[in-house]
Amino acid sequence: SKPVEKIKDVVEAAAAKVADVLTPPVPGAPGSAPPTVAEPTTPHDPLPAKKEQGAPETRTPTGAVTGAPAESKGQQGEYLTTAQGARLRDTDHSLKAGPRGPILMQDHHFREKITHFDHERIPERVVHARGAGAHGVFVGYGTADGVTRAGFLKKGKETPVFVRFSTVLGSRGSADTVRDTRGFATKFYTDEGTFDLVANNIPVFFIQDAIKFPDIIHAGKPHPDREIPQAQSAHDTFWDFVSLHTEAQHHTIWNMSDRGIPRSYRTMEGFGVHTFRLINDAGETVLVKFHWKPKLGVHSLTWEEAQIAAGVDPDFHRRDLYDAIEAGAFPEWELGIQVFPDTPEETFAGIDLLDPTKIVPEELAPVQRVGKLVLNRTPRNFFAETEQVAFHLGHLPPGIDVTNDPLLQGRLFSYVDTQLTRLGGPNYSQIPINRPHAPVNDMLRDGFHQHAVHAGVAPYRPNSLDGGNPFTAGDKENAFLDVPVRVAEAPKVRQNPASFDDHYSQVRLFWLSMSPVEKEHIIRAYTFELGKCYEQAIKERQLQSLANIDPVLCAEVATGLGLPAPKPTIELAEPAPSPALSQVGGEWPPDGRIVGIVVGPDGTDVPGLAEVRTAIQTAGMVPLIIAPHGGKVGGLPVQRTFATARSIEFDAILVGAAPVPAPDAIPARDDKAGAATSVDPRVVLLLDEAWRHAKAIGAWGEGTEALQQAGIAGTPGVVAAESAAAALTEVQQLMAAHRVWERFPATVA
Ligand code: HDD
């Protein structure tokens with residue numbers, strides 16, 4: 001019996017150990033003491049269902065609602081139910097054969113809940129997967145009346161809009177601040193039918209013919225074997241393609257410039273890229289290019305800021321957009337058009353208007369303002385709106401038509417086609433965010449996910465059974481007009497016009513239009529990206545393209561790569577620079593820009609803190625107090641602590657204290673020199689970075705000591721003032737130029 005007793009001892013000892021581990025009981029477990037922490041919300045009676053949770057509506061031409069009757073809407077009632085509306089008493093426990101038994105197949109609630117969850121994700125967009133959307137309003141100026149009959153451009157006309165900004169290459173969860181083109185797609189819900197302006201923040205495209213779109217995207221996306229790098233063009237396949245395919249060089253130099261890393265969606269221009277055709281009341285036509293001009297001017301991140309943001313705040317642009325809207329600093333753009341006569345050649349000043357790798361410099365054709373866009377509401381539900389929104393260049397109201405740009409022509413096919421898989425069938429325009437605000441009577445029937453309960457028996461024309469309805473409209477009823485443009489009698493060919501062969505003159509125009517500091521950034525970007533390529537032949541081939549753009553650009557990048565600079569293989573064009581392409585030299589309003597205010601721990605006197613905070617708000621900017629700890633300082637809320645603040649989120653920094661390092665502070669950086677300052681090293685790092693990123697910095701009182709410690713006192717754009725108010729005044733003046741440009745070393749003329 002001895003061995004049996006031994007086993008019993010061992011089992012009992014183990015049970016005692018387990019009991020030790022299990023006591024005290026887990027909070028909330030049966031028999032445990034009630035939690036001592038206050039509940040975040042007090043339990044209350046169920047609230048009535050929210051209005052906006054109703055099912056989508058479908059309207060007829062008379063405005064009458066069809067589809068599901070109002071009383072059977074999707075989300076209503078106080079009680080949790082199954083998808084079929086049966087009330088549930090428990091959604092936390094699956095139905096089991098006894099508390100320790102297997103789950104029963106008959107648990108219909110379990111299967112409904114899990115099955116729906118299993119299918120929550122839909123395919124991400126093949127390009128532009130990462131995006132952020134917002135609602136707003138567009139107001140026409142009436143200035144375009146002479147050239148288009150489009151009603152939404154008439155003076156004072158207000159049209160609801162939804163805008164989705166995006167990066168192109170990355171997956172849906174990728175970082176916002178990567179070097180890439182940005183999408184800027186706007187859905188205008190006009191009374192005359194939806195108009196989608198599916199634009200980018202770069203006015204030219206990589207390719208001239210849509211048939212090459214899969215090629216450029218395959219080259220830009222991660223390598224098929226290891227699926228890296230994510231959301232980057234700094235890899236062999238991208239540079240392989242653009243160096244072999246030199247029409248991409250114009251778009252590529254824009255990507256390598258500061259335009260590739262915008263400060264904010266609010267500080268981007270937008271471009272319709274293609275030339276469109278407008279039609280006025282008299283049936284006359286002009287050719288136009290669409291532009292979005294941001295109220296805040298074009299403003300970009302520095303490369304280092306972009307990289308820090310990708311790590312510490314990958315949602316940098318999304319957060320910035322939503323914070324600005326919620327702070328009441330509504331982002332604004334003006335819509336502008338460059339207008340060209342509609343001639344048979346479809347050229348302007350020798351520039352082929354059908355070539356999407358060409359711009360028309362604003363100095364040759366000014367951008368005429370035709371209306372204003374204000375974004376004033378964030379989505380209620382990100383998936384329902386931002387993910388399910390579906391844009392298409394063929395969504396055109398009367399007054400706007402397309403041209404024969406071969407890229408545009410191909411896009412007219414691709415957008416509808418892609419939604420069929422992404423949104424699961426042909427009825428995606430019935431999804432609430434995609435519903436036109438104009439009456440719809442379209443004879444399109446059935447298909448997956450049909451929401452409308454169409455009445456009538458005759459969805460065909462002509463018919464006598466539905467009284468002939470729907471009727472076709474004529475000019476008087478504002479019907480869409482396909483402009484009877486002459487289509488050349490020509491042989492079928494797979495060929496481009498000869499004018500499409502010029503791949504370099506406008507790349508050089510862009511380069512020559514840059515300020516020295518912007519040129520410097522372009523050189524660094526090419527050197528970084530090509531430095532990330534493994535294949536020598538690809539680097540050499542791209543250097544050849546750079547030689548055909550500019551000898552200085554080529555020589556600088558070649559030096560960085562440790563390769564010889566080749567000679568140009570073409571005669572370099574000498575275009576007049578276009579100052580409108582540079583983002584340096586202007587002054588812009590302060591709306592929604594973010595000013596960090598460094599203070600000490602609560603109890604330290606920071607004279608003028610409350611006043612300067614109010615003054616920042618009054619100027620339309622957002623003040624964020626940065627303190628050694630959370631909670632409050634001088635009765636004011638602390639928004640960032642030294643542990644959470646990082647320089648990239650502030651447009652300018654004010655320093656009102658020189659807080660000493662906390663005895664237990666974790667050094668802000670690894671080098672011991674940083675930790676040795678008598679001011680908290682995290683403040684020194686903040687100032688050091690803000691200085692490197694050419695941001696305005698101001699200090700008063702004890703704060704001037706922090707400037708000394710950071711070694712930046714007395715340098716350009718660093719203000720030491722008598723008072724908080726004086727510091728703010730000078731800093732705000734500096735902010736108007738976006739950055740203290742003179743702080744960047746410019747080695748290139
Ligand atoms: Fe595109 C999405 C802009 C060329 C095919 N494109 C997409 C979006 C933007 C653009 C902003 C995101 C829309 C959203 O937020 O939902 N695309 C452009 C611009 C182009 C361009 C400005 C050149 C001037 N695109 C282009 C070509 C093709 C496509 C040549 C195909 C032949 N684009 C698509 C697409 C996407 C798309 C695959 C992916 C998701 C979607 O359409 O709805 O159809």
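Two strands count as paired if DSSP finds at least two bridges between them. Keep that rule in hand. The model shown here is predicted. In it, strand E20 (residues 652-655) and strand E21 (residues 696-700) are joined by 4 bridges. The two strands run parallel.

Now bring in a helix. Helix H16 (residues 681-692) packs on the sheet. H16 touches strand E15 (594-598) and strand E16 (622-627), and also E20, E21 and E22. The direction of H16 makes about 140° with that of E20.

Step back to the whole sheet. Strands of a sheet pair through backbone hydrogen bonds, either parallel or antiparallel. Here the pairing is parallel, and the sheet is an open one of 6 strands. Read across, the order is E19-E16-E15-E20-E21-E22. Which strands stand at the edges? They are E19 (640-641) and E22 (718-721). Each has a single partner strand, so one side of each is left without a neighbour in the sheet.

Ile594 stands opposite Val622 in E16. How does the chain get from E15 to E16? It crosses through helix H14 (residues 609-618), and this β-α-β crossover is right-handed.

E16 also pairs with E19, in the parallel sense, over 2 bridges. There, Ile626 has Arg640 in E19 as its bridge partner. Is E16 largely enclosed or left open? Buried means under 20% relative accessible area. By that cut-off, 5 of the 6 residues of E16 are buried, so E16 is largely enclosed by the rest of the structure.

Leave the sheet and look at the ligand with its iron atom. Which protein residue is a donor to this iron? The only one is Tyr415, through its OH, at 1.8 Å. Tyr415 lies in helix H9 (residues 406-422).

Leu420 has its place in helix H9 too. Is Leu420 buried, partly exposed or exposed? Leu420 has 37% relative accessibility, so it is partly exposed. Leaving aside neighbours within four places in sequence, Leu420 is in contact with Gly425 and Pro426. Compare Asp191, which is 229 residues from Leu420 along the chain. The C-alpha atoms of Leu420 and Asp191 are separated by 26 Å.

Note on methods
Residues are numbered from 1 along each chain as its sequence is written. This is a predicted model: local features need pLDDT of at least 70, side-chain atom pairs count only at pLDDT 80 or more; totals for chains, interfaces and linings use all residues. Side-chain values use heavy atoms; hydrogens and water are left out. Contact means heavy atoms within 4.5 Å. Axes are lines fitted to C-alpha atoms, for helices over the stretch in contact, and angles run from 0 to 180 degrees between N-to-C directions. Donors are N, O and S atoms within 2.8 Å of the metal (3.2 Å for Na, K and Ca); water is not among the atoms, so sites may look incomplete. Buried means under 20% relative accessible area, exposed over 50%, partly exposed in between (1.4 Å probe, protein chains only). A crossover is right-handed if, with the strands pointing away from the viewer, the path from the first strand over the helix to the second runs clockwise.
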